[in-house]
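User: Can you walk me through this one? I have the coordinates open.

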Amino acid sequence: TTVPAETLVVHGENDDVVPLSAVLDWARPQGPPVTVVPGAGHFFHGQLGLVKNLLVRAWGPAFIPAQSA
């Protein structure tokens, strides 16, 4: 299965659930960029603002959900 061209892979450097090497092995033949968040684990504790910025940068402001009134 190929991944869509707009696919963004974000991975925590210290992920103890899915090793970075496994993600790179998966991504290599398919070609999506892999963004590694230094020091982050599987759930990106303390890094969610950074992950949000990566998503907005990749997919634009349309990614930001509408604010509830």
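This is a predicted model: local features need pLDDT of at least 70, side-chain atom pairs count only at pLDDT 80 or more; totals for chains, interfaces and linings use all residues.

User: What order do the elements run in?

Analyst: From the N terminus, the order is β-α-β-α. That is two helices and two strands, taken as DSSP runs numbered from the N terminus (helices H or I, at least four residues; strands E, at least two).

User: How much of the protein is buried?

Analyst: Of the 69 residues, 22% are buried, meaning under 20% relative accessible area with a 1.4 Å probe and protein chains only; exposed is over 50%, and partly exposed is in between.

User: OK, α2. What is its span?

Analyst: Helix α2 covers residues 48-59, 12 residues, and reaches 16 Å from first C-alpha to last, close to the 16 Å expected at 1.5 Å a residue. The expected span is 1.5 Å times one less than the number of residues.

User: Which residues of α2 are buried?

Analyst: V51, L54 and L55. They lie on the same side of α2, because they cover an arc of only 95 degrees around the axis, taken from the directions from the helix axis to the C-beta atoms. An α-helix has 3.6 residues a turn, so residues three or four places apart point the same way.

User: And what do they pack against?

Analyst: The buried residues of α2 pack against β1 and β2 (34-37), where contact means heavy atoms within 4.5 Å. V51, for one, touches V10 and F44, not counting residues up to four places away in sequence.

User: Which residues make up the largest nonpolar core?

Analyst: Six residues: V37, A40, F44, V51, L54 and L55. Helix α2 gives the largest share of this core, three residues. A nonpolar core here is a set of buried Ala, Val, Leu, Ile, Met, Phe, Trp, Tyr and Cys residues joined through side-chain atoms within 4.5 Å.

User: Switching to H11: buried or exposed?

Analyst: H11 is buried, with a relative accessible area of 5%. H11 lies in strand β1, residues 9-12. Beyond its neighbours within four places in sequence, H11 has contacts including V18, L20, V36 and F44.

User: Last one: what comes after α2?

Analyst: G60 follows α2, with a positive phi near 85 degrees.

Key:
Residues are numbered from 1 along each chain as its sequence is written. Side-chain values use heavy atoms; hydrogens and water are left out.
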